[in-house]
Every structure is written in C-alpha cells, then in structure tokens.
Amino acid sequence: AIVDPQTLKGFFFWGRVPAAVGSDLAGIFLYWTGRKVSKGTGLLLLLLWALWPWAFSIGRTMREYAWYVPMAWTAILFLYVAVEKGFRKWQSWLLVLLSGAMVWHALKIDIHSTFKVVLIMVMAFVLWWLWDKKGVIVDYIKTKPLLLIPAGLGIIVLGKISLDLAMKSSHVSIVPDSINLMAFRYYFGTIDTHLMHLWRAHDPLFVSLPIFGIGVISVRKNKLAGLALVVTAVLYTFYSLFFDRYFRPRYTAYILPMYLFFMACGIRGVYQLVRHYVLPNRRALVSIAVTSIFVGLILFSPGVLAKTLMYKDHGHNKITGEFHFRVDRIMDYLHEHVAPGDAMLVAHLLHPIRLMPFDFDVPMGSYSWSSAGRFDSVARFMDKHPSGYMVLDDKRNIEWNKGFPLEAPFRFAGRLVTPVLRQDLATVYRWELWPQGDSSVKDVPDFSP
C-alpha cells in the first residue's frame, strides 16, 4: 500500500483521495462548459479551476464540497445536453436518469449534506428551459389547451414537494425577513477575514464585478451561458433570502463553477477588446501577451497563489474563510507520552485526535462542551480510568462555555489534573491518581465547577 490505512496518516491520505479525484475530474466537465464558448475559454476555465485559491483549497479537504460542488453543476449539464439532443435519443434519457440519481442521492441518502442545493439548481434549470422554449410551449398550448390542466397539476405537485422539503430543513426560511448579501460579498465584495480569490486589488469589487460583467455580455447569445447565469441568479436569490443558517463560504461554494466560467468569459472578453480596439493591426499573439500582462500582473496576485499552495497555519484560514485546527504538533506530543493503561478525553471538534485508536489502543471519551452535565461526565470517565490525557480546544473550553483551568494543576474527581501543553489554541491535560501523603501537592486547589 502507498500508505498504511491503519495509521492516522494513512486515514487522512485515503480520506483525501475522493476529494482530490473529484476535484480533478471536475476539470473535464468545466472544460466542456467553457468549450461551448470557445476552446480558449475552456482551457482558461480549466486553468482557473486548477489555480483558484478557494477551488484548490476545497480539493485538499476531506469535506464533501470537493466532489458535490462539481457534481451539482454536472447534473445541470446532463439535463442541458439531454434537452438539446432531444428525447427521441436514448442517451438523453440516460443523462436525465443520471441527473435524477444525483438529486435522489441528495434527498434520500446523504440527507445531512449541502448537496440538496442541487434541487434548487434543477429548479433553476426548469425556469431556464421554460423561458427558452416559451414560444413553442405557447403555440402548443394554443393547439391543445387541455394540456394546461396536467401541466398545472404537475407544477402544484412539484411546488408541494419542494415546500415540504424546505419545511423539513432547519436551514431554510420560507418567508424571508431580511436580505443577507454575504453570498454576494464572498464573490464580489471585501471580506477582511479571508483571501479566497486571486485579486491583487484591495477591494475585489472593482476587479471581479467588471470582469464578470464583461463575461456575461460577451456570451449573452450563448445558450449554455444563459443557463449558467440563470442558475447563478437563482442561487444568489436563495442564499440572500431563504438560507437560514449562519454563513460560511463553504455553503455558497456551489456558485463557484459558474463564477469561474464567467471569469473565464470575462478574460476572453478583455482579450477581444484588446484585439479589436486597442491593437487592431497586431497579431493575435501580441494581443494575448498584452491581455495576459493586464490580467495576470495588474489584476491577479501571484503571492496569493503561492500562499494557497503553502498554507497550513493554525487558526482562521484566510483562503477558505474557515477555522482550521492544526493538530499535528499535539499529536506528536501524545505519540511521545501516551502509555499503556492511559485513557483519553477529547473535545468533539478535534476529530483527528479522536481517531487515536488508529495509532493507539486506548479507551476514548468525548467532552461534550454544551452539556450541563459535562463535568459530571468527565468525573465518571476519570473514575473509570486512573490516568490519561484530556485535550480541549479553547473554543469549547473557554469561549463557548466554562471549562477547565488552563495553567496551574488542580484536583478534580479525586485526580491530580495538570495542564502539560498549551499548543495551537488547545490544552493538553494529564490526570493521574491523587498522590496520598505527598506534601508537594498540599496547596493544589480543588476545581469546583
């Protein structure tokens, strides 16, 4: 084996394989999307997907976004190809079946993931199709008006299903009470906490929005571009009005493929402007060079890309907008100190440490920071195990709820508990039996929550 899957490093390696493969395979469908405009646009979109900090960082994670984001757009592409080919061909029905399977997977199998957004994208596709075929549909209804009855019933049924699904979700508000522009700001505005785009400008609004606009205008007569624009607009509407959960950039990642598509079209539009108006009598190669200098050196920052490739800092990740806990240094300490007979208590967030059985055969427990009985639970666990280590991150041990002291030793549940390591906004505690008759611990205070 390349890496032993029975070790923690092996677990991480193989856990990232689906994300890496999914992110790479997405390039095929994204290239095809751009190829519908031009070959150069397809290659440029493929390049942006490979180098864009956010897309690159998503591909390095073990989260579902690395494959669900391109899968959702692929489902729309399958539907697009099916209606363009016509339903007299079996390939069209196969593509519809594949798209339906993706929706079914989102609604029935992975019901707790964000992949349910694909249903909203399918609804956007239906809106686009109705608009695209409006002339044919109107003429057909004029000749057969009774078709309005089953069509109306179908719309009611689909609306009822969509409403029921939305009501079952705790993250969708049927009646919006405000407008949240975070999704727009993630792509076009200034977000001080992360740098998930390649813009050199301080305020990306003056860079991304014009290029996006040029892209939209330059492909305004392209059918697939029209579909991408409708899907993007519907998603922005959903996130702005109906999304009822705390915002994180990852939730809006389903917009990213369409966003990069219009970025590629925009750069192509800049090239066309240079080619036809700035350097009309020059060779195409010169126009490409001028466009590359303008876009590559003036608008884009190579430093952001370099930081993306090397970024592994602990804390707030400026590329993805997420908070990432770095646990490798804590893991090194535990590898060195955990002994047979020890046990471990770990806060829920620090999942890598909870996977210690991959490397150590030790009893494991979870610290439930939000539970009112969390201290009693820890006391019962320590009562069962004479010695061990407890690892708590500062968010769950300090910020979000009262936890254990960070510095001096203390007595708890008949055990001597000593903070032995402060590392990466987390504390490692060592507990052991209370040393009876040892005068050195006579001044150690009891910890009474």
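Throughout this report, a residue is called buried under 20% relative accessible area, exposed over 50%, and partly exposed in between (1.4 Å probe, protein chains only). By that scale Asp132 is partly exposed, with a relative accessible area of 30%.

## About the model

This is a predicted model, in which local features need pLDDT of at least 70 and side-chain atom pairs count only at pLDDT 80 or more, while totals for chains, interfaces and linings use all residues. Residues are numbered from 1 along each chain as its sequence is written, and side-chain values use heavy atoms, with hydrogens and water left out.

## Salt bridges

Let us start with the charged pairs. The structure holds 6 salt bridges (a side-chain nitrogen of Lys or Arg within 4 Å of a carboxyl oxygen of Asp or Glu). In one of them Glu84 meets Lys223, with the closest N and O atoms 2.9 Å apart. Glu84 belongs to helix α4 (residues 65–85) and Lys223 to helix α11 (residues 223–242), so this pair ties together parts that are 139 residues apart in sequence. Helices here are DSSP runs of H or I with at least four residues, strands are runs of E with at least two, and both are numbered from the N terminus.

Lys223 also forms a salt bridge with Asp132, where the closest N and O atoms are 3.3 Å apart. This second pair links helix α6 (residues 117–132), which holds Asp132, to helix α11, across 91 residues.

Asp393 and Arg396 make another salt bridge, at 3.5 Å from N to O. Here both partners are buried: Asp393 has 0% relative accessibility, and Arg396 has 9%. Shared partners, in turn, join Glu84, Asp132 and Lys223 into one network of salt bridges.

## The open sheet

Now for the strands. An open sheet of 6 strands runs in the order β4-β3-β5-β8-β7-β6, with mixed pairing; two strands pair if DSSP finds at least two bridges between them. The edges are β4 (364–367) and β6 (410–412), each with a single partner strand, so one side of each is left without a neighbour in the sheet. On average, neighbouring strands are turned by 30 degrees against each other, direction ignored, with axes taken as lines fitted to C-alpha atoms.

Strand β5 (residues 388–393) runs parallel to β3 (residues 343–347), joined by 4 bridges. Within this pairing, Val346 stands opposite Val391 and Ala343 has Gly388 as its bridge partner. With β8 (residues 426–433), β5 pairs in the antiparallel sense over 6 bridges, and Met390 stands opposite Tyr429.

In a regular strand, side chains alternate between the two faces of the sheet. Gly388, Met390 and Leu392 point one way from β5, and Tyr389, Val391 and Asp393 point the other way. Since 6 of the 6 residues of β5 are buried, this strand is largely enclosed by the rest of the structure.

## A helix face and a surface patch

Helix α15 (residues 328–337) has Ile330, Met331, Tyr333 and Leu334 as its buried residues. Seen down the axis of α15, these fall within an arc of 160 degrees (from the directions between the helix axis and the C-beta atoms), so they line one face of the helix.

Elsewhere, Leu94 sits in helix α5 (residues 90–109) and is partly exposed, at 39% relative accessible area. Together with Trp90, Leu97 and Leu98, Leu94 makes a nonpolar surface patch of about 440 Å². Such patches consist of residues with over 30% relative accessible area and no salt bridge, with like charges joined within 9 Å and nonpolar side chains (Val, Leu, Ile, Met, Phe, Trp, Tyr) within 5 Å. The areas come from the Shrake-Rupley method with a 1.4 Å probe.

Definitions and conventions:
Axes fitted to C-alpha atoms, helices over the stretch in contact; angles between N-to-C directions.
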